[in-house]
Amino acid sequence: MTSETDPLIVQIQPDHDQSSPTESKSKWKPSKSIILLTFVSVAITLALFFAFRPRESSFERYSVVIDAGSSGTRAHVFRYWLESGKPVFDFGKDNYAKESENPGLSSYADNPKGANVSVAELVKFAKGRVPEGMWEKSDIRLMATAGLRLLNETVMEQILEVTREVLRSSGFNFRDDWAWVITGSDEGKYSWVVANYALGSLGGEPLQTTGIVELGGASAQVTFVSSQPMPEDLSQTITYGNVAYSLYSHSFLHLGQNAAHDKLWEALHNSAAHSTEDEIVTDPCTPEGYIFVSKRQNSTEESRLTASLQAAGNFTECRTATLAMLHEGKENCASEHCSIGSTFTPDLQGRFLATASFYYTSKFFELHEKDWLSEMIPAGKRFCGENWSELKVQYPTEQDKHLLNYCFSSAYIISMLHDSLGFALDDGRIEFASKAGAKDIPLDWALGAFILETSIATLDYSGKSRKMLG
């Protein structure tokens, strides 16, 4: 951010005429050309000084956003600066850093006080990135997502209060209402903001923007600009510069990859637990050869479950099971079109980026960005049809808990994007991604939250949001 450049110094020596001793004693008078040259050199020196001087600390800013997700808690530390009152962002390694702590805060539901450890570690990380003299001037916010949304309100508030205690004593600028659970539609909105900021379309024509489909652990978000009339609870309007964007934004709680897989397993476990002695319940989303282990304490129940529930990986049957899950409640749709459950979804418009687990699953199967949806089906069929012991040999570095998810996720992705939302298998409008733009900016909703919160904090006196540079 700083450049150490020595000012340009031009030394001017006068010409001495040695022809006359008398004249050499007279007072020297500079010529017009020398005066002009001196003026130019001073101007150049000043220009270089102001161009390359380090930015004054009064214009430098820091901000910390803690993303409390379902699978982990992450601290995002940002450095930015103001030029003529406008924030300037750079998400390169010198100005942006991220650190994670596992598990997520929701795992402390039975011990809320335990949540302070991971938050304290993340505060420690942030302090290592922000100069001590800037701590009290730097905002810190904790924004929780679907993991805490799934808890009952009392437990959720207990965990939040524990995090507030840590943040109050952090040394950073913090207010109690800066630790809260954001809505699912806000999460989608923030993801949309960072994607379009990275692509350079934020501030431009609304219908030229890119939509976001995000598959998280506990929820899935769909956000894009729509020109169709929308129910008020599914519509958000944001303004960037002088452009207003009407967004469809909805979060499908319980339909994130982990939550949906757990829901399927729970249904199969219940079926097995209530099955007759000779009845076999099969799990089409788990590769054959995997042995289920019950969390039940009763050894008799566990033995019966192991005998009654068998892994029988089959992509087609898994796809059918996941589609049924996505269409639950569709009979209650009060709108002209509901893609998932009973929630209205407008017609898809523009290009889309599929992020989070859409990206991770696609990279695991080494799919091509252009034809990834059509390639997902044969990749899923091969994987689901393999024996569990063979898969462990093929992927020795993959943790069992992750490896176990890929049969389910391949089928779930097709059920959601193609069978439900209606993307054609060869639809070139949708790509999987974890970063975007020429600068490879991470597609993390926390970056979008930082951009919008910073925009609000730098409103000009007319009340209009300043357009951000970058």
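This is a predicted model: local features need pLDDT of at least 70, side-chain atom pairs count only at pLDDT 80 or more; totals for chains, interfaces and linings use all residues.
Next I looked for a partner and found Glu 161, whose side chain meets that of Arg 164 in a salt bridge at 3.3 Å, N to O. Glu 161 comes out as partly exposed, at 29% relative accessibility. Both residues sit in helix α5 (residues 153–168), three residues apart, so about one helical turn separates them.

**Other salt bridges**

How many salt bridges does a search of the whole structure find? I got 17. I picked two more of them to look up.

Arg 141 pairs with Glu 453, with 3.9 Å between the closest N and O atoms. Arg 141 is in strand β5 (residues 139–144) and Glu 453 in helix α15 (residues 445–457), so this pair ties together parts 312 residues apart in sequence. I have Arg 141 down as buried, at 10% relative accessibility.

Asp 419 and Arg 319 meet through their side chains at 2.8 Å, N to O. Here helix α14 supplies Asp 419 and helix α9 supplies Arg 319, a link between distant parts of the chain, 100 residues apart. I noted both as partly exposed: Asp 419 has a relative accessible area of 25%, and Arg 319 is at 22%.

**Disulfides**

My count of disulfides is three. With the bonded cysteines numbered in sequence order, I read the pairing as 1-2, 3-4, 5-6.

Cys 285 and Cys 318 have their sulfur atoms 2.0 Å apart. The torsion about their S-S bond is about 110 degrees, so I logged this disulfide as right-handed. Cys 285 lies in the loop between β11 (281–283) and α8 (299–308), while Cys 318 is in helix α9 (residues 315–326), so the bond ties together parts 33 residues apart in sequence. Cys 285 is buried at 0% relative accessibility, and Cys 318 is buried at 0% too.

Cys 333 is joined to Cys 338, S to S 1.9 Å, and the link is right-handed with 80 degrees about the S-S bond. Are these two buried or partly exposed? Cys 333 is partly exposed at 24%, whereas Cys 338 is buried at 4%.

Cys 384 bonds to Cys 407, S to S 2.0 Å. I found Cys 384 in helix α11 (residues 372–385) and Cys 407 in helix α14 (residues 406–420), 23 residues apart. Both Cys 384 and Cys 407 are buried.

Methods
Residues are numbered from 1 along each chain as its sequence is written. Side-chain values use heavy atoms; hydrogens and water are left out. A disulfide is a pair of cysteine sulfur atoms within 2.5 Å. Helices (H or I, at least four residues) and strands (E, at least two) are DSSP runs, numbered from the N terminus. Buried means under 20% relative accessible area, exposed over 50%, partly exposed in between (1.4 Å probe, protein chains only). A salt bridge is a side-chain nitrogen of Lys or Arg within 4 Å of a carboxyl oxygen of Asp or Glu.
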